[in-house]
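Trainee: I would like to learn how to read a model like this one. Could we go through it feature by feature?

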Amino acid sequence: MITVLKPNTTDEQRDHLIHWLEGQQVQVHVSKGDEYTILGLVGDTAHIDMELLESLEIVQSVKRVSEPFKKCNRKFHPEDTVVNAGGVLIGGGHFAVIAGPCSVETREQIVGIAESVKASGAKLLRGGAFKPRTSPYDFQGLHATGLELLSEAKKDTGLPIVSEIMDLRDLDLFADVDVIQVGARNMQNFELLKGLGRTDKTILLKRGLANTLKELLMSAEYIMAGGNENVILCERGIRTYETYTRNTLDLSAVPVLHELSHLPVVVDPSHATGHSSLVPSMALAAAAAGADGIMVEVHNDPLHALCDGAQSLTPVQFDHLMGQMKRVLEVVRP
Ligand code: PEP
Ligand code: MN
């Protein structure tokens, strides 16, 4: 349920109403806009007398929110949320490019790629240390060492870092990681989501291979229900009957998620397509569709990459993409 307060409501009147509502065993989520303040009520609101609430002098309107996702719902928070990712802003007009290898491999590799993507204009560095691989015989990531090397690249370049967590028991290792990624395969790992909800880390939540957008939003809700509202949504392609591309990029996810939610939306064209030749056009299309950022895999030597080489851009290709991206952004975000 949402309660919209009239513009002239004083802080004292607002707090008094919040206190009364909390006494009815509901959580109150306050969103202060330029004109109106919206109180989002979460919990069992069935027993709240809507007519009584509506009759209060300071109340403009009261509406039930039929969707099961509340805190990430745009009705709760009409303005775009701007998420802080290690000092870099994403959302609400702030566009950010996250780039880096699928996996951290060596110090030279990650520091070298970090320096080159930074020079091309990337704002965050990605690199997997815990890799969710289909085969147990494939490279699984460098684990703690990978995160240490990523930290060194951060120290060297000043770029905030993004890395995937697969197990809450590793959380302490992520102290220096600015954005914790929840991969597609863990989108509905509810205990992981709840655990991350208890942290104050920025979370990049990727859409599952076979999940609907509403399910993605329910997973974001798990994180937010725990108190952590720093969530970025990521469309990375879904399974369809098409096999030419690794997945099918659902670009309409961008405007749909923006319609339903106030959270920032980034697009990963690398995992969506699986082929480096297709990455630039989909990255540009994502920006044109209104995405708040993109995440792109970049490798200094894609042919010898330990993971996802086929979809990785070289630093030169990435630099070229960034030049084109600048021009697209000038048109779609003047
Ligand atoms: C990744 O970003 O390296 C990754 C494994 O992505 P996804 O979870 O989308 O497959
Ligand atoms: Mn990858």
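This is a predicted model: local features need pLDDT of at least 70, side-chain atom pairs count only at pLDDT 80 or more; totals for chains, interfaces and linings use all residues.

Trainee: How many salt bridges does the structure hold?

Mentor: There are 17 salt bridges. In each, a side-chain nitrogen of Lys or Arg lies within 4 Å of a carboxyl oxygen of Asp or Glu. One of them pairs Asp138 with Arg133, with the closest N and O atoms 3.7 Å apart. That distance counts because the cut-off is 4 Å.

Trainee: Are Asp138 and Arg133 buried, partly exposed or exposed, and which values place them there?

Mentor: Asp138 is partly exposed, at 35% relative accessibility. Arg133 is partly exposed as well, with a relative accessible area of 23%.

Trainee: Which parts of the chain does the pair of Lys154 and Asp178 link?

Mentor: Start with the contact itself: Lys154 and Asp178 form a salt bridge whose closest N and O atoms are 3.0 Å apart. The pair links distant parts of the chain, 24 residues apart. Lys154 sits in helix 4 (residues 144-157), while Asp178 is in the loop between strand 9 (161-164) and strand 10 (179-182). Asp178 counts as buried because its relative accessible area is 18%, and the limit for buried is under 20%.

Trainee: What does the side chain of Asp250 make polar contacts with?

Mentor: Asp250 is in the loop between strand 12 and helix 7, and it is buried, with a relative accessible area of 16%. Its side chain makes a polar contact of 2.9 Å with the side chain of Arg207. Another polar contact, of 2.6 Å, joins the side chains of Asp250 and Ser252. Setting aside neighbours within four places in sequence, Asp250 is in contact with Arg207, Leu213, Glu235 and Ile238.

Trainee: Now the pockets. Which residues lie nearest the centre of the largest pocket?

Mentor: For a pocket, read the volume, then the lining, then the classes of residue. The largest pocket holds about 220 Å³ of space. Its lining has 18 residues, and Pro132, Arg185, Arg246, His271 and Asp308 lie nearest its centre. By class, that lining has four nonpolar, four polar and 10 charged residues.

Trainee: Which element gives the largest share of the lining of the second largest pocket?

Mentor: Helix 10 does, with four residues. The elements that give two or more residues are strand 6 (88-90), strand 7 (96-100) and helix 10. This pocket has about 180 Å³ of space, and its lining includes Phe95, Lys123, Met322 and Leu329. The lining divides into eight nonpolar, one polar and two charged residues.

Trainee: Is Ala272 buried or exposed?

Mentor: Ala272, in helix 8 (residues 269-273), is buried, at 0% relative accessibility. Ala272 and Asn247 are 25 residues apart in sequence, but their C-alpha atoms are 4.9 Å apart in space. Beyond its neighbours within four places in sequence, Ala272 has contacts that include Arg236, Thr245, Arg246 and Leu249.

Trainee: Last, the backbone. What is the phi of Gln25?

Mentor: Gln25 has a positive phi of about 65° although it is not a glycine. Gln25 lies in the loop between helix 1 (11-22) and strand 2 (27-32) and is exposed, at 64% relative accessibility. Asp308 also has a positive phi, of about 60°, but Asp308 is buried, at 17%.

Note on methods
Residues are numbered from 1 along each chain as its sequence is written. Chains are lettered from A and ligands numbered from 1 in the order in which they are written. Side-chain values use heavy atoms; hydrogens and water are left out. Buried means under 20% relative accessible area, exposed over 50%, partly exposed in between (1.4 Å probe, protein chains only). A polar contact is a pair of N or O atoms within 3.5 Å; within protein, one must be able to donate a hydrogen and the other to accept it, and residues adjacent in sequence count only if both atoms are side-chain atoms. Contact means heavy atoms within 4.5 Å. On a 1 Å grid over the protein atoms alone, a cavity is a set of points where a 1.4 Å probe fits but cannot get out, and a pocket is an open set with protein on both sides within 12 Å along at least five of seven lines; lining residues have an atom within 4 Å of a point. Grid points are joined across faces, edges and corners, and a volume is the space filled by probe spheres set on the points. Ala, Val, Leu, Ile, Met, Phe, Trp, Tyr, Cys and Pro count as nonpolar, Asp, Glu, Lys and Arg as charged, and the others, Gly among them, as polar.
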